[in-house]
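Subject: Structure for your files

Hello,

Please find the structure below. My notes on what was found in it follow.

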Amino acid sequence: VLPDTWDSEGEGRFLAPPDVQVLEKGWPKLEDELDRATETKVEKVEKAMAQELQAMEAKVDLKLQEVGKQLETRAKAAEAKLDPTTAKKYRGMEWTIMNA
């Protein structure tokens with residue numbers, strides 16, 4: 001690295017040029033540390049995403065059960081009114097939701 005390629009024109013007067021051999025020697029260690037730090041962050045994000053996914057799946061399953069119970073209640077109400085066609089329709093929707 002030559003002083004005329006530095007960012008500031010005045011740096012070359014105050015700082016010695018960097019020792020390329022020292023930089024080359026330390027680079028693998030720095031690269032390994034950066035890789036480990038990145039892997040750790042990726043693992044944390046993946047774990048957080050997996051936990052969030054599980055929570056969302058649980059909410060969806062709970063909502064499906066609630067809707068299924070509501071449809072069964074409507075089917076029973078239709079049977080009580082002697083309307084088997086409507087009861088069958090509600091039970092069909094319930095089966096469709098529960099088997100999805």
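Contact here means heavy atoms within 4.5 Å. Leaving aside its neighbours within four places in sequence, Leu 71 is in contact with Tyr 90, Met 93, Glu 94 and Ile 97.

This is a predicted model, in which local features need pLDDT of at least 70, side-chain atom pairs count only at pLDDT 80 or more, and totals for chains, interfaces and linings use all residues. Residues are numbered from 1 along each chain as its sequence is written, and side-chain values use heavy atoms, with hydrogens and water left out.

Helix H3

Helices are DSSP runs (H or I, at least four residues), numbered from the N terminus. Helix H3 covers residues 84-98, 15 residues. The expected span of a helix is 1.5 Å times one less than its number of residues; for H3 this gives 21 Å, and the end C-alpha atoms are 21 Å apart, which agrees.

Buried means under 20% relative accessible area, exposed over 50%, and partly exposed in between (1.4 Å probe, protein chains only). In H3 the buried residues are Ala 87, Tyr 90 and Glu 94. Seen down the helix axis, they fall within an arc of 65° (taken from the directions from the axis to the C-beta atoms), so they line one face of H3. These buried residues pack against helix H2 (20-80). On the face turned away from the buried side, H3 carries the exposed residues Thr 85, Lys 88, Trp 95 and Thr 96.

Nonpolar core

A nonpolar core is a set of buried Ala, Val, Leu, Ile, Met, Phe, Trp, Tyr and Cys residues joined through side-chain atoms within 4.5 Å. The largest one has five residues: Leu 71, Ala 75, Ala 78, Ala 87 and Tyr 90. H2 and H3 are the elements that give two or more residues to this core, and the largest share, three residues, comes from H2.

Salt bridges

There are three salt bridges in the structure, each a side-chain nitrogen of Lys or Arg within 4 Å of a carboxyl oxygen of Asp or Glu. One joins Glu 66 and Lys 63 (3.7 Å, N to O); being three residues apart in helix H2, they are separated by about one helical turn.

Glu 72 and Arg 91 form another (3.0 Å, N to O). Glu 72 lies in H2 and Arg 91 in H3, so the pair ties together parts that are 19 residues apart in sequence. Glu 79 also forms a salt bridge with Arg 91, at 2.6 Å between the closest N and O atoms. Through shared partners, Glu 72, Glu 79 and Arg 91 are joined into one network.

Regards
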